[in-house]
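Welcome! Please take a moment to look over the sequence and the model below, and then read on for a short briefing.

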Amino acid sequence: MVKPSKQNNNRNNTGNAFKAIGLVSAIGIDLAICTLGGFYAGNWLDAKLGGSGIWIGVSVLAGLVVGALSIALVIGKVLRDNHE
């Protein structure tokens with residue numbers, strides 16, 4: 001027989017596991033979307049302004065930076081929510 005407090009602990013652990021899965025998924029999707037957005041923006045700039053792919057490289061790097069900043073904001077929000 002499981003004690004009631006242990007049952008509550010198992011429920012909390014299950015909730016935390018789903019929260020962690022959601023957080024990791026959000027991080028991956030966020031980084032992928034920002035990087036792909038940078039690629040397509042660079043491709044468009046390359047076609048409009050001309051270049052040998054330099055705009056694609058610059059835009060992908062900018063997308064990675066934006067994705068990293070976005071991930072930092074998401075992690076900061078999750079950490080603040082866990083402390084409240």
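**An exposed leucine and its surroundings**

L49 counts as exposed because its relative accessibility is 57%, where exposed means over 50%, buried under 20% and partly exposed in between (1.4 Å probe, protein chains only). This is a predicted model, in which local features need pLDDT of at least 70, side-chain atom pairs count only at pLDDT 80 or more, and totals for chains, interfaces and linings use all residues. Residues are numbered from 1 along each chain as its sequence is written, and side-chain values use heavy atoms, leaving out hydrogens and water.

**Helices**
- The chain has 2 helices and 0 strands; helices (H or I, at least four residues) and strands (E, at least two) are DSSP runs, numbered from the N terminus.
- L49 sits in helix α1 (residues 4-49).

**Nonpolar patch**
- Together with I54, W55 and V58, L49 forms a nonpolar surface patch with about 390 Å² of accessible area.
- Helix α2 (residues 54-83) supplies the largest share of this patch, 3 residues.
- Accessible areas come from the Shrake-Rupley method with a 1.4 Å probe, and for residues only the protein chains shown count as cover.

**Whole chain**
- Of the 84 residues in the chain, 12% are buried.
- The chain's accessible surface is about 6400 Å², and 69% of that belongs to carbon and sulfur atoms.

Key
Patches are made of residues with over 30% relative accessible area and no salt bridge: like charges are joined within 9 Å, nonpolar side chains (Val, Leu, Ile, Met, Phe, Trp, Tyr) within 5 Å. A salt bridge is a side-chain nitrogen of Lys or Arg within 4 Å of a carboxyl oxygen of Asp or Glu.
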